2 protein chains.
Amino acid sequence: MSESENATAPSPKPQSARGRGPATLRSIASVVGVSPSAVSMALADHPRIGRETKEAVRAAARDLGYVANSAGRALRAGRSTSIAVVVPNTAQHVFGHPYFMHLLVGVNEAANAQDTAVLISTNPATDHDPAAYDRILRSQAAAGAIIASAAINDPNVSRMVDGGLPVVLIGRYPHLPHAVSVGMDDVAGAAAATRHLIAEHGLRRIGHISGPLEHQTALDRYQGFRDAIAESPEPCVQSLAVGDFSEEAGRACAAQLLDGMPGLQAIFAANDEMAYGALLELRSRGLRVPQDVALVGYDDFGVSRLTTPAITTVRVPAEELGRRAARRLFDLIDGAAEPVTHENVPIELVARESCGCPPD
Amino acid sequence: MSESENATAPSPKPQSARGRGPATLRSIASVVGVSPSAVSMALADHPRIGRETKEAVRAAARDLGYVANSAGRALRAGRSTSIAVVVPNTAQHVFGHPYFMHLLVGVNEAANAQDTAVLISTNPATDHDPAAYDRILRSQAAAGAIIASAAINDPNVSRMVDGGLPVVLIGRYPHLPHAVSVGMDDVAGAAAATRHLIAEHGLRRIGHISGPLEHQTALDRYQGFRDAIAESPEPCVQSLAVGDFSEEAGRACAAQLLDGMPGLQAIFAANDEMAYGALLELRSRGLRVPQDVALVGYDDFGVSRLTTPAITTVRVPAEELGRRAARRLFDLIDGAAEPVTHENVPIELVARESCGCPPD
DNA sequence: CCAGAGTGCTCAAACGATTGAGCAACCGAG
DNA sequence: CTCGGTTGCTCAATCGTTTGAGCACTCTGG
């Protein structure tokens with residue numbers, strides 16, 4: 001009541017246009033001398049706003065460094081301007097894994113292109129909690145979510161997929177056929193790796209160190225391994241040890257394979273960490289890699305390149321995975337026609353030394 | 001049945017309590033039969049709300065899976081419930097660096113404890129843009145920011161520090177004495193590493209591969225290197241090559257040091273990536289590590305542990321850095337008395353094989 | 001029987017952005 | 001001169017949450 005816009009009211013209230021705090025539509029409005037609505041419409045390039053007004057508004061917005069308040073916009077629009085990247089199980093080795101970081105780089109890039117912020121969401125160590133990411137999503141802090149590295153049986157995943165929020169899964173989820181997901185062909189990748197050992201290096205007695213079998217990725221890589229063995233023209237002997245993607249497990253599983261299978265010629269590990277563990281075990285037994293036992297890993301996030309010998313591996317294009325997942329999520333959010341439910345990014349065998357190939 | 005409870009208004013408005021979409025204060029209110037205000041106060045455990053009402057509200061909130069809409073809350077409160085982690089310069093080697101990920105783990109942990117979301121903010125590749133993170137902060141999507149790995153001369157940093165938003169810097173910023181920062185004593189760390197080469201292994205001719213000297217971290221590590229040389233009871237000879245923290249630079253700088261300083265006995269690299277590059281160069285010249293040339297790195301994010309020989313390094317507690325930075329940021333946001341402007345987390349020398357110490 | 005205190009709620013306003021409805025001014029055609 | 005259309009804005013309501021003010025009621029002491 002004691003207020004007005006362009007008037008020079010001597011009221012003590014600091015309701016001034018150029019007051020402290022970030023610029024708002026109102027502050028621009030009072031500078032330009034129009035209503036906040038007009039400012040909003042001008043910035044949106046609404047046809048019913050005059051050219052001069054638009055120019056004046058844009059100039060004032062630039063001068064004041066105006067950026068729309070995200071809470072106000074989200075509240076009105078009914079949806080946030082952020083997307084969330086969700087990592088359901090925060091075992092340290094998951095969130096801390098380089099895979100996740102590469103994913104994030106890709107997601108971030110795609111999100112930047114859409115002027116969208118990226119929210120990281122994970123569980124605290126105590127998993128009896130109703131899940132931190134659940135709260136983030138229910139609070140509508142994110143317009144959608146990308147879910148990475150979930151176990152097959154994680155009930156949270158299907159709950160979120162059915163939760164009404166746009167969700168893109170990373171990986172393959174055959175038991176959730178209606179879910180949108182972006183993954184890679186792990187079966188083909190693992191088969192290629194195994195076939196390389198068989199066909200290029202003539203190895204016949206091969207052990208596989210798999211990941212935990214409640215992860216689809218572990219299942220698929222094991223499947224690819226068996227496929228390659230089965231399709232081999234020469235008869236091959238296979239063996240399996242189940243690990244948990246950790247270096248320690250790789251070491252223990254390698255020991256198990258070596259003890260259980262005389263004349264073992266090669267080990268294919270479902271990720272590089274375990275391959276490195278296997279390398280340590282082989283080395284400690286005085287076995288040479290690749291001369292005595294050949295070794296192949298999976299992932300190629302830097303680990304495998306650094307070891308001596310460098311580990312032959314299958315490159316997982318995590319960054320591309322993140323990029324595509326984000327783009328798909330934006331399609332979902334924008335309600336674009338979306339018949340595609342699963343997309344694979346190409347994988348690639350990276351032959352280094354541990355399989356017996358010549359060093360570079 | 002699609003209508004409100006106590007009012008039998010025949011209006012066609014689908015204002016029903018249990019309508020589609022997420023639960024709101026209003027929907028709880030109409031279930032319980034009180035006003036939205038009462039619900040809000042009940043959930044906040046306000047003393048002026050009766051015990052029975054509180055219980056009914058809490059039960060209804062639980063049943064409906066109510067989580068406060070973050071946009072509404074942020075708008076009303078005038079501040080977001082997220083914090084941002086900002087990485088000003090997105091050269092791939094910065095955002096993609098494991099350091100960043102460890103930082104994120106720590107930040108995330110502390111943020112989870114405060115029911116706060118973590119926003120990742122970085123620049124797209126094209127840096128002519130007014131900066132993506134700038135927009136995030138100006139849009140008030142975050143209540144505060146943690147800024148990681150900024151160059152000394154990055155004008156964005158001081159702008160953000162002075163921008164009114166609570167900001168915690170990671171690292172040491174001697175030219176921004178009023179800024180709150182969390183870092184580590186790189187001078188001491190580098191001195192310890194260098195001193196180890198001098199005192200434990202008796203080396204006297206030592207080269208340093210530094211990072212880009214517009215980074216305080218690079219300056220401090222170089223300073224520590226020189227301090228250790230200067231304080232040595234035996235006269236030492238030093239030499240410097242300036243890199244950019246990349247493996248390629250490490251390799252080139254190692255070549256430069258080897259060519260420029262006859263009888264070089266040791267190399268101290270300002271990070272592990274460059275130490276690894278140096279290792280490759282030494283190896284390609286047929287020089288043995290550590291017998292011919294000893295090698296020390298800095299960071300300990302996994303790389304240095306994996307190489308052969310494993311690289312002696314200085315452990316940077318990135319996770320702890322992130323944790324403390326987040327906690328300090330919450331202090332700032334909550335307006336806690338905050339005289340402390342800089343805090344150091346302890347560093348630790350990790351002696352492995354590349355310096356000449358016995359393997360494990 | 002009434003003042004005063006205490007209890008338990010409701011009301012209304014506010015945060016900032018957006019948008020359908022509406023209104024005033026003007027122009028050209030009839 | 002008036003009617004219809006167009007232009008260029010303003011108004012008011014809305015999103016969901018929070019909170020100071022206020023209202024109705026009960027209890028207690030005098």
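Predicted model: local features only at pLDDT ≥ 70, side-chain atom pairs only at ≥ 80, totals over all residues.

Of the atoms of DNA strand D that come within 4 Å of the protein, sugar and phosphate account for 54%.

**Contacts with DNA strand D**

- In chain A, an N or O atom in the side chain of A:Thr53 is 2.5 Å from a phosphate oxygen of DNA strand D.
- The elements that give two or more residues to the surface near DNA strand D are, from chain A, helix H2 (36-43) and helix H4 (70-77), and, from chain B, helix H1 (25-32), helix H2 (36-43) and helix H4 (70-77).
- Sorted by class, the surface near DNA strand D consists of eight nonpolar, nine polar and five charged residues.

**Helices H9 and H10 of chain A**

- The axes of helix H9 (residues 186-200) and helix H10 (residues 216-231) of chain A come within 7 Å and cross at roughly 40 degrees, and the two helices are therefore oblique to each other.
- H9(A) passes H10(A) in a right-handed crossing, and the residues that make the contact include A:Ala190, A:Thr194 and A:Ile198 of H9(A) together with A:Arg221, A:Phe225 and A:Ala228 of H10(A).
- The residues of this contact between H9(A) and H10(A) divide into seven nonpolar, four polar and six charged.

**Helices H1 and H3 of chain B**

- H1(B), one of the elements listed above for the surface near DNA strand D, packs with helix H3 (residues 51-64) of chain B at an angle of about 125 degrees, their axes being 9 Å apart.
- H1(B) and H3(B) are therefore oblique to each other, and H1(B) passes H3(B) in a right-handed crossing.
- On the H1(B) side the contact is formed by B:Ser27, B:Ile28, B:Val31 and B:Val32, which meet B:Ala56, B:Val57, B:Ala60, B:Ala61 and B:Leu64 in H3(B).
- By class, the contact of H1(B) with H3(B) comprises eight nonpolar residues and one polar residue, with no charged residues.

How values were computed. Residues numbered from 1 in each chain as written. Chains lettered and ligands numbered in written order. Heavy atoms only, no water. Near = heavy atom within 4 Å. Polar contact = N/O pair within 3.5 Å; in protein donor to acceptor, adjacent residues only side chain to side chain. Helix = DSSP H or I, 4+ residues; strand = E, 2+ residues; numbered from the N terminus. Nonpolar A, V, L, I, M, F, W, Y, C, P; charged D, E, K, R; others polar. Axes fitted to C-alpha atoms, helices over the stretch in contact; angles between N-to-C directions. Parallel < 35°, antiparallel > 145°, perpendicular 65-115°, else oblique. Left-handed = near helix turned anticlockwise from the far one by under 90°. Contact = heavy atoms within 4.5 Å.
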